[in-house]
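Please open the model in your viewer and keep the selection panel at hand. The stops below are arranged as a short tour.

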Amino acid sequence: MSILDESIQSLHKKIKSKEIRPSELTQAALQKIEQTDSQVKSFLTVTAEQAIDQAQKLDRLPDGNLPLLYGIPGAIKDNMCTEGIKTTCASQILANYIPPYSATAVTKLQEQNFVMVGKTNMDEFAMGSSNENSAFYPTRNPWNLERVPGGSSGGSAAAVAAGQVPFSLGSDTGGSIRQPASYCGVVGLKPTYGLVSRFGLVAYASSLDQIGPFARNVEDTAAVLQAIAGYDELDSTSANLEIPDYSAALNRDIKGLRIAMPKEYFAEGLDPAVRDRVLDAIRLLESQGAVVEEVTLPHTKYAVACYYLLAPAEASSNLARYDGVRYGVRVEADDLIDMYKQTRAKGFGAEVKRRIMLGTYALSSGYYDAYYLRAQKVRTLIKQDFDRVFEKFDVIVSPTAPTVAFKAGEQTEDPMTMYLNDIYTIPVNLAGLPGISVPCGLADGMPVGLQIIGKAFAESTILQTAHAYEQTANLNLRPSVAGGVQA
Ligand code: GLN
């Protein structure tokens, strides 16, 4: 077992008691990346030199209280700005972009003196479910290198699963934290819209995007969330609320917790082996005193269509800024219009272009009412479905994704099949709610995720439920690439 397999809490204690030095931990992370990343390819940039420099400075512990993440190595998805360090969004159009500032979520981790070891691979501009849309190279699943890690935060999930880092940050617009967490057998949490500042997150679909943590257990996930949550005047959608102590909620028992099981999330299209694992997990929650009941979220069937109108519409507007003038790559041409055209033709990949076209169409005059406006109305209906269930229940549970990780190349020809990977995660973004994916066993040798959805700003409740499950199930699944024992 590598030192990096220990929990953040345990590493923190060892740093504090000087049993290990931050520089040793950072060296261990860099070594693990060196050993495994030629296969897994979680990283687009490894910031080895800066990380070692910084960690050596941290070896001299300051007086007083050490923050929990002090000296702990972590990785950041490459769509979050990092001052002086390339931030590409896995796109050719930003291949050389070095931001002059850092995202607030990153700054907040830096305030605790975490050590960033690199920027992780992703689907270009966070559009995708397999990491195969990265313009540079695809990430592979540490459990089975022939399979995808999920997406779009596939690099962040794979880095944690492979034991390269104890935690990472990702972003989730329609499932991009929870689905890769599920496919890679790690914990991933999408916070309530507004809980974590998006300042410095490269925008994809602004009414849906949220930043959140990946870690190997629920307690670590809560610790990272604690570090990044909170009001930020630099993000106009940031919620100005008191942030609770998430760790305090973890050990509360779940006796009497009211759990809803939406029947639409257990219907056709769900792999039977995945369903069995999730049902086992729900039974385990029930055995701890939770009360489980079936409910209906009747507008679920419209969620994917609704998302694929709204998200591309917002993306078409957000991505208009990449015109070769201010950011990133420019293809020189005879006149300005031609320069725009060639820059965007060369700079964007096929999926990004598809979404810009879809979104532009949905917003164009004459179609706006039929598509964009209608989708907004459906979004309200989806949100009201959740509101109704949450009048009576504390959490909603479901599979995170309908299948386990699929083989690389299997879905690249068929965007519709690829889009359906997010059928259980997308409604949560449309309603702005928090959701967590926690590993609940293996099917076909690959991890399965249990999704727990909460009321707005009820992160404590979903963490508590996930923790209760995790502690009782005690699965501790690790892929062999991370030196773990396969179940
Ligand atoms: N897979 C979904 C998509 O392709 C969600 C992506 C995300 O959450 N960023 O858009």
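Begin by selecting helix α5, whose buried residues are G154, G155, S156, A157, A158, A159, V160 and A161. Buried here means under 20% relative accessible area, exposed means over 50%, and partly exposed lies in between (1.4 Å probe, protein chains only). Helices (H or I, at least four residues) and strands (E, at least two) are DSSP runs, numbered from the N terminus. Because eight of the eight residues of α5 (residues 154–161) are buried, this helix is largely enclosed by the rest of the structure. Next, select G163, which follows α5 and has a positive phi, near 80°.

A note on the source: this is a predicted model, in which local features need pLDDT of at least 70 and side-chain atom pairs count only at pLDDT 80 or more, while totals for chains, interfaces and linings use all residues. Residues are numbered from 1 along each chain as its sequence is written, and side-chain values use heavy atoms, with hydrogens and water left out.

Move on to S238, in the loop between α7 (218–228) and α8 (246–249). S238 counts as buried, at 9% relative accessibility. Leaving aside neighbours within four places in sequence, S238 is in contact (heavy atoms within 4.5 Å) with G194, G230, Y231 and D232. Display the side chain of S238: one of its polar atoms lies 2.8 Å from the backbone nitrogen of D232.

Now select the cysteines C184 and C440. The structure holds zero disulfides, a disulfide being a pair of cysteine sulfur atoms within 2.5 Å. For C184, the nearest cysteine sulfur is that of C440, 15 Å away. C184 is buried, with a relative accessible area of 1%, and C440 is buried too, at 5%.

The last stops are salt bridges, in which a side-chain nitrogen of Lys or Arg is within 4 Å of a carboxyl oxygen of Asp or Glu. By this rule the count comes to 17. Select R258 and D394, whose side chains meet in one of them (3.0 Å, N to O). R258 lies in strand β7 (residues 258–262) and D394 in the loop between α13 (369–390) and β9 (395–399), so the pair ties together parts that are 136 residues apart in sequence. R258 is partly exposed at 36% relative accessibility, whereas D394 is buried at 18%.

Finish at helix α9 (residues 272–287), where D280 and R277 are three residues apart, separated by about one helical turn. Their salt bridge has its closest N and O atoms 3.6 Å apart. D280 is partly exposed, at 36%, as is R277, at 25%.

Notes: Polar contact = N/O pair within 3.5 Å; in protein donor to acceptor, adjacent residues only side chain to side chain.
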